[in-house]
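Reader: I am new to this structure and would like to know what stands behind the terms used for it. Please take them one at a time.

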Amino acid sequence: MKTRSTSDDIVISVTGLSKTYASGLHALDHIDLDIRRGEIFALLGPNGAGKTTLISILCGLVNPGPGTVQVDGHDIVRDYRAARARIGLVPQELTSDAFETVWNTVSFTRGLFGKAPDPACLERILRALSLWDKRDSKLYALSGGMKRRVMIAKALSHEPPVLFLDEPTAGVDVTLRKDMWSLVRSLRATGVTIILTTHYIEEAEEMADRVGIINHGKLLLVEEKEQLMQRLGQKQLIIHLREGLTEIPASLKHWALELAHEGQALHYRYASAQAGASIPALIADLQAAGACIEDLETEQSSLEEIFVTLTQEAA
(Lines give C-alpha, C1' and ligand atoms only; values in the text may rest on other atoms or scores of the structure.)
Protein backbone atom coordinates (compact mmCIF):
# COMPACT_ATOMS: atom_id res chain seq x y z
CA MET A 1 0.00 0.00 0.00
CA LYS A 2 2.00 2.91 -1.31
CA THR A 3 1.18 6.49 -0.41
CA ARG A 4 1.55 8.62 -3.53
CA SER A 5 2.90 12.15 -3.59
CA THR A 6 4.68 14.25 -6.18
CA SER A 7 8.25 13.16 -6.90
CA ASP A 8 9.68 16.36 -5.41
CA ASP A 9 8.01 15.51 -2.10
CA ILE A 10 9.54 12.03 -1.90
CA VAL A 11 12.99 11.55 -0.38
CA ILE A 12 12.90 7.74 -0.13
CA SER A 13 11.03 5.55 -2.59
CA VAL A 14 10.79 1.77 -2.15
CA THR A 15 9.07 -0.33 -4.82
CA GLY A 16 8.47 -4.08 -4.72
CA LEU A 17 11.33 -4.71 -2.30
CA SER A 18 11.79 -8.29 -1.09
CA LYS A 19 14.59 -9.95 0.83
CA THR A 20 15.33 -13.62 1.47
CA TYR A 21 18.44 -14.54 3.43
CA ALA A 22 20.64 -17.53 2.63
CA SER A 23 19.08 -19.33 5.59
CA GLY A 24 15.75 -19.26 3.75
CA LEU A 25 14.25 -16.56 5.99
CA HIS A 26 11.83 -14.38 4.01
CA ALA A 27 12.48 -11.09 5.77
CA LEU A 28 10.66 -8.71 3.40
CA ASP A 29 7.75 -9.37 1.05
CA HIS A 30 7.14 -6.82 -1.75
CA ILE A 31 7.47 -3.64 0.29
CA ASP A 32 6.14 -0.44 -1.31
CA LEU A 33 6.83 2.74 0.62
CA ASP A 34 7.30 6.45 -0.05
CA ILE A 35 8.75 8.64 2.68
CA ARG A 36 8.09 12.33 2.32
CA ARG A 37 10.69 15.03 2.55
CA GLY A 38 10.72 16.75 5.93
CA GLU A 39 8.45 14.35 7.82
CA ILE A 40 8.92 12.23 10.93
CA PHE A 41 8.06 8.68 9.92
CA ALA A 42 7.77 5.96 12.56
CA LEU A 43 8.30 2.35 11.50
CA LEU A 44 6.76 -0.02 14.02
CA GLY A 45 6.78 -3.78 14.24
CA PRO A 46 7.36 -6.60 16.71
CA ASN A 47 10.70 -8.37 16.96
CA GLY A 48 11.42 -10.27 13.76
CA ALA A 49 8.87 -8.27 11.76
CA GLY A 50 11.41 -7.10 9.17
CA LYS A 51 11.96 -3.50 10.22
CA THR A 52 15.67 -3.99 10.95
CA THR A 53 16.19 -5.61 7.55
CA LEU A 54 14.32 -2.78 5.81
CA ILE A 55 16.27 -0.07 7.60
CA SER A 56 19.56 -1.90 6.98
CA ILE A 57 18.84 -2.09 3.25
CA LEU A 58 17.89 1.59 3.07
CA CYS A 59 21.12 2.52 4.86
CA GLY A 60 23.27 0.33 2.62
CA LEU A 61 24.22 -2.16 5.34
CA VAL A 62 22.44 -5.17 3.81
CA ASN A 63 22.25 -6.08 0.12
CA PRO A 64 18.71 -5.71 -1.22
CA GLY A 65 16.75 -8.44 -2.93
CA PRO A 66 14.34 -7.90 -5.83
CA GLY A 67 12.83 -4.43 -6.09
CA THR A 68 14.17 -0.89 -6.21
CA VAL A 69 15.11 1.69 -3.61
CA GLN A 70 15.94 5.33 -4.28
CA VAL A 71 17.25 7.85 -1.76
CA ASP A 72 16.85 11.46 -2.84
CA GLY A 73 16.69 10.27 -6.45
CA HIS A 74 19.73 7.96 -6.25
CA ASP A 75 19.41 4.20 -6.67
CA ILE A 76 21.02 2.47 -3.69
CA VAL A 77 22.66 -0.16 -5.92
CA ARG A 78 23.67 1.71 -9.09
CA ASP A 79 24.62 4.91 -7.25
CA TYR A 80 25.54 3.58 -3.82
CA ARG A 81 27.92 6.33 -2.72
CA ALA A 82 25.57 9.19 -3.55
CA ALA A 83 22.63 7.42 -1.92
CA ARG A 84 24.56 6.58 1.25
CA ALA A 85 25.92 10.12 1.51
CA ARG A 86 22.36 11.39 1.85
CA ILE A 87 21.71 9.28 4.94
CA GLY A 88 22.71 9.72 8.54
CA LEU A 89 22.29 6.67 10.76
CA VAL A 90 22.09 6.68 14.54
CA PRO A 91 22.34 3.03 15.60
CA GLN A 92 20.86 1.69 18.79
CA GLU A 93 24.24 0.66 20.17
CA LEU A 94 26.58 3.43 21.33
CA THR A 95 29.86 2.69 19.55
CA SER A 96 32.63 5.29 19.57
CA ASP A 97 36.23 5.66 20.69
CA ALA A 98 35.79 6.38 24.38
CA PHE A 99 39.10 8.24 24.63
CA GLU A 100 38.45 10.62 21.73
CA THR A 101 36.96 14.09 22.14
CA VAL A 102 33.52 15.04 20.92
CA TRP A 103 34.95 17.46 18.36
CA ASN A 104 37.43 14.99 16.90
CA THR A 105 34.84 12.23 16.73
CA VAL A 106 32.39 14.35 14.77
CA SER A 107 35.13 15.82 12.54
CA PHE A 108 36.45 12.35 11.69
CA THR A 109 33.00 11.10 10.70
CA ARG A 110 32.49 14.08 8.40
CA GLY A 111 35.78 13.26 6.71
CA LEU A 112 34.73 9.64 6.16
CA PHE A 113 32.07 10.92 3.76
CA GLY A 114 34.61 12.94 1.81
CA LYS A 115 33.39 16.27 3.13
CA ALA A 116 35.89 19.09 3.43
CA PRO A 117 36.52 20.40 6.96
CA ASP A 118 33.90 22.95 7.97
CA PRO A 119 34.28 24.08 11.60
CA ALA A 120 31.32 26.45 11.32
CA CYS A 121 29.04 23.61 10.23
CA LEU A 122 30.19 21.36 13.08
CA GLU A 123 29.74 24.19 15.56
CA ARG A 124 26.14 24.66 14.40
CA ILE A 125 25.46 20.94 14.84
CA LEU A 126 27.06 20.76 18.28
CA ARG A 127 25.26 23.87 19.47
CA ALA A 128 21.92 22.54 18.20
CA LEU A 129 22.52 19.36 20.19
CA SER A 130 23.67 21.23 23.33
CA LEU A 131 27.13 19.71 22.91
CA TRP A 132 29.20 22.81 22.23
CA ASP A 133 30.35 23.12 25.84
CA LYS A 134 31.37 19.44 25.72
CA ARG A 135 33.36 19.66 22.47
CA ASP A 136 36.69 19.04 24.19
CA SER A 137 35.37 16.34 26.54
CA LYS A 138 36.34 12.72 26.15
CA LEU A 139 33.43 10.46 25.29
CA TYR A 140 33.95 8.25 28.33
CA ALA A 141 33.27 11.26 30.57
CA LEU A 142 29.81 11.92 29.09
CA SER A 143 26.47 10.75 30.41
CA GLY A 144 24.42 8.23 28.43
CA GLY A 145 22.15 10.96 27.13
CA MET A 146 25.09 13.07 25.97
CA LYS A 147 26.71 10.08 24.27
CA ARG A 148 23.51 9.53 22.31
CA ARG A 149 23.58 13.18 21.27
CA VAL A 150 27.14 12.67 20.02
CA MET A 151 25.89 9.75 17.90
CA ILE A 152 23.32 12.08 16.35
CA ALA A 153 26.00 14.74 15.78
CA LYS A 154 28.14 12.14 13.98
CA ALA A 155 25.18 11.14 11.81
CA LEU A 156 24.54 14.79 10.91
CA SER A 157 28.20 15.73 10.41
CA HIS A 158 28.07 15.27 6.62
CA GLU A 159 24.77 17.23 6.40
CA PRO A 160 22.49 14.45 5.13
CA PRO A 161 18.84 15.23 4.31
CA VAL A 162 17.69 11.94 5.88
CA LEU A 163 18.30 10.75 9.44
CA PHE A 164 17.56 7.23 10.66
CA LEU A 165 17.10 6.85 14.41
CA ASP A 166 17.11 3.23 15.58
CA GLU A 167 15.63 3.07 19.07
CA PRO A 168 16.94 6.57 19.92
CA THR A 169 15.76 6.54 23.55
CA ALA A 170 16.52 2.92 24.44
CA GLY A 171 17.91 2.77 27.95
CA VAL A 172 17.42 6.44 28.79
CA ASP A 173 15.16 7.78 31.52
CA VAL A 174 11.87 9.58 30.98
CA THR A 175 13.37 13.08 31.26
CA LEU A 176 16.05 12.36 28.67
CA ARG A 177 13.45 10.74 26.45
CA LYS A 178 11.37 13.91 26.41
CA ASP A 179 14.50 15.96 25.70
CA MET A 180 15.20 13.66 22.75
CA TRP A 181 11.66 14.14 21.44
CA SER A 182 12.20 17.90 21.53
CA LEU A 183 15.52 17.49 19.73
CA VAL A 184 13.97 15.37 16.97
CA ARG A 185 11.29 17.99 16.37
CA SER A 186 13.92 20.72 16.13
CA LEU A 187 15.85 18.68 13.56
CA ARG A 188 12.69 18.22 11.51
CA ALA A 189 12.16 21.98 11.65
CA THR A 190 15.49 22.42 9.83
CA GLY A 191 14.22 20.24 6.97
CA VAL A 192 15.73 16.90 7.95
CA THR A 193 13.57 13.86 7.21
CA ILE A 194 13.56 11.52 10.19
CA ILE A 195 12.78 7.81 10.12
CA LEU A 196 12.29 6.42 13.58
CA THR A 197 12.15 2.83 14.80
CA THR A 198 11.08 2.37 18.38
CA HIS A 199 9.70 -0.13 20.87
CA TYR A 200 8.15 2.75 22.79
CA ILE A 201 4.87 3.11 20.95
CA GLU A 202 4.07 6.29 22.89
CA GLU A 203 7.20 7.75 21.29
CA ALA A 204 5.71 7.30 17.84
CA GLU A 205 2.37 8.61 19.08
CA GLU A 206 4.08 11.70 20.46
CA MET A 207 6.32 12.55 17.50
CA ALA A 208 5.39 10.90 14.22
CA ASP A 209 3.59 12.56 11.34
CA ARG A 210 2.98 9.17 9.71
CA VAL A 211 3.19 5.60 10.90
CA GLY A 212 4.10 2.41 9.08
CA ILE A 213 3.41 -0.97 10.67
CA ILE A 214 5.31 -4.02 9.47
CA ASN A 215 4.82 -7.66 10.47
CA HIS A 216 6.10 -10.93 8.99
CA GLY A 217 7.92 -8.94 6.29
CA LYS A 218 4.73 -7.28 5.03
CA LEU A 219 3.85 -3.62 5.35
CA LEU A 220 0.40 -3.74 6.95
CA LEU A 221 -0.34 -0.05 6.54
CA VAL A 222 1.13 3.41 6.08
CA GLU A 223 -1.08 6.21 7.27
CA GLU A 224 -1.14 9.66 8.80
CA LYS A 225 -0.97 9.11 12.55
CA GLU A 226 -4.03 11.20 13.33
CA GLN A 227 -6.09 9.54 10.60
CA LEU A 228 -5.00 6.11 11.77
CA MET A 229 -6.06 6.77 15.34
CA GLN A 230 -9.32 8.27 14.14
CA ARG A 231 -10.07 5.37 11.79
CA LEU A 232 -9.02 2.42 13.94
CA GLY A 233 -9.04 3.86 17.40
CA GLN A 234 -11.66 3.10 20.01
CA LYS A 235 -13.14 5.53 22.46
CA GLN A 236 -14.68 4.69 25.79
CA LEU A 237 -17.41 6.70 27.44
CA ILE A 238 -17.35 6.35 31.22
CA ILE A 239 -20.70 7.13 32.78
CA HIS A 240 -20.43 7.80 36.51
CA LEU A 241 -23.68 7.07 38.34
CA ARG A 242 -25.08 8.84 41.38
CA GLU A 243 -26.62 5.58 42.56
CA GLY A 244 -24.93 2.27 41.85
CA LEU A 245 -26.44 -0.61 39.88
CA THR A 246 -26.27 -4.31 40.62
CA GLU A 247 -27.04 -5.16 37.00
CA ILE A 248 -27.68 -3.43 33.70
CA PRO A 249 -31.42 -2.84 33.08
CA ALA A 250 -32.92 -5.05 30.39
CA SER A 251 -33.91 -1.99 28.35
CA LEU A 252 -30.21 -1.12 27.97
CA LYS A 253 -28.88 -4.57 27.00
CA HIS A 254 -28.61 -3.66 23.31
CA TRP A 255 -26.02 -0.99 24.16
CA ALA A 256 -23.44 -3.59 25.25
CA LEU A 257 -22.60 -1.61 28.37
CA GLU A 258 -20.19 -2.85 31.03
CA LEU A 259 -20.63 -2.36 34.77
CA ALA A 260 -17.52 -0.99 36.46
CA HIS A 261 -16.33 0.40 39.78
CA GLU A 262 -18.59 -1.88 41.79
CA GLY A 263 -21.65 -0.73 39.90
CA GLN A 264 -20.91 2.98 40.25
CA ALA A 265 -20.07 3.42 36.57
CA LEU A 266 -20.94 2.15 33.10
CA HIS A 267 -18.48 1.78 30.24
CA TYR A 268 -19.52 2.21 26.61
CA ARG A 269 -17.02 1.57 23.80
CA TYR A 270 -17.43 3.01 20.32
CA ALA A 271 -15.28 3.57 17.24
CA SER A 272 -13.53 6.94 17.03
CA ALA A 273 -14.87 7.29 13.50
CA GLN A 274 -18.39 7.37 14.91
CA ALA A 275 -17.44 10.58 16.73
CA GLY A 276 -19.94 9.72 19.46
CA ALA A 277 -23.00 10.08 17.23
CA SER A 278 -24.84 7.44 19.26
CA ILE A 279 -24.15 8.97 22.66
CA PRO A 280 -27.20 11.30 22.83
CA ALA A 281 -29.48 8.30 22.22
CA LEU A 282 -27.65 6.31 24.88
CA ILE A 283 -28.02 9.12 27.43
CA ALA A 284 -31.72 9.36 26.65
CA ASP A 285 -32.15 5.61 27.15
CA LEU A 286 -30.22 5.76 30.43
CA GLN A 287 -32.48 8.52 31.72
CA ALA A 288 -35.57 6.62 30.59
CA ALA A 289 -34.32 3.59 32.51
CA GLY A 290 -34.01 5.70 35.68
CA ALA A 291 -30.23 5.87 35.82
CA CYS A 292 -28.96 8.99 37.60
CA ILE A 293 -25.90 10.31 35.80
CA GLU A 294 -23.36 12.15 37.93
CA ASP A 295 -20.56 12.71 35.41
CA LEU A 296 -19.26 11.70 31.98
CA GLU A 297 -15.70 11.26 30.71
CA THR A 298 -14.11 9.78 27.61
CA GLU A 299 -10.89 7.88 26.99
CA GLN A 300 -9.17 7.48 23.61
CA SER A 301 -7.36 4.26 22.75
CA SER A 302 -3.64 4.68 22.23
CA LEU A 303 -1.53 3.96 19.18
CA GLU A 304 -0.10 1.03 21.15
CA GLU A 305 -3.53 -0.59 21.41
CA ILE A 306 -4.07 -0.15 17.65
CA PHE A 307 -0.60 -1.59 16.98
CA VAL A 308 -1.27 -4.65 19.14
CA THR A 309 -4.62 -5.26 17.44
CA LEU A 310 -3.19 -5.00 13.92
CA THR A 311 -0.19 -7.24 14.59
CA GLN A 312 -2.35 -9.86 16.30
CA GLU A 313 -4.74 -9.89 13.36
CA ALA A 314 -1.81 -10.35 10.96
CA ALA A 315 -0.21 -13.14 13.00
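Author: Contact here means heavy atoms within 4.5 Å. The model is a predicted one. In it, helix α1 (residues 51-58) lies across β1, β2 and β4 (68-71) and runs at about 120° to β1.

Reader: What makes β1 and β2 a pair of strands?

Author: Two strands pair if there are at least two bridges between them. Strand β1 (residues 10-20) and β2 are joined by seven bridges in the antiparallel sense, so they count as paired. Within β2, L28 is the bridge partner of K19.

Reader: Why are β2 and β5 said to stand at the edges?

Author: The open sheet has four strands in the order β2-β1-β4-β5, with antiparallel pairing. β2 (26-36) and β5 (74-75) each have a single partner strand, so one side of each is left without a neighbour in the sheet.

Reader: What makes E226 and K225 a salt bridge?

Author: The definition asks for a side-chain nitrogen of Lys or Arg within 4 Å of a carboxyl oxygen of Asp or Glu. The side chains of E226 and K225 meet at 3.8 Å, N to O, so the pair qualifies.

Reader: Which side chain meets E206 in a salt bridge, and how are the two residues classed by accessibility?

Author: The partner of E206 is R185, at 2.6 Å, N to O. This pair links distant parts of the chain, with E206 in helix α7 (residues 201-207) and R185 in helix α6 (residues 174-189), 21 residues apart.

Reader: How many salt bridges does a search of the whole structure find?

Author: The search finds eleven. One of them joins the side chains of R210 and E39 at 2.7 Å, N to O. R210 is in strand β9 (residues 210-215) and E39 in the loop between β2 and β3 (40-44), 171 residues apart. R210 and E39 are both buried.

Reader: What is in the largest nonpolar core?

Author: This core has 43 residues, and those with the most contacts inside it are L44, I152, L163, L165 and I194. Helix α5 (residues 144-156) gives the largest share, six residues. A second, separate core has 27 residues, among them V71, I76, I87 and V162.

Key
Residues numbered from 1 in each chain as written. Predicted model: local features only at pLDDT ≥ 70, side-chain atom pairs only at ≥ 80, totals over all residues. Heavy atoms only, no water. Helix = DSSP H or I, 4+ residues; strand = E, 2+ residues; numbered from the N terminus. Axes fitted to C-alpha atoms, helices over the stretch in contact; angles between N-to-C directions. Core = buried A, V, L, I, M, F, W, Y, C linked by side-chain atoms within 4.5 Å. Buried < 20%, exposed > 50% of the residue type's maximum accessible area, 1.4 Å probe, protein only.
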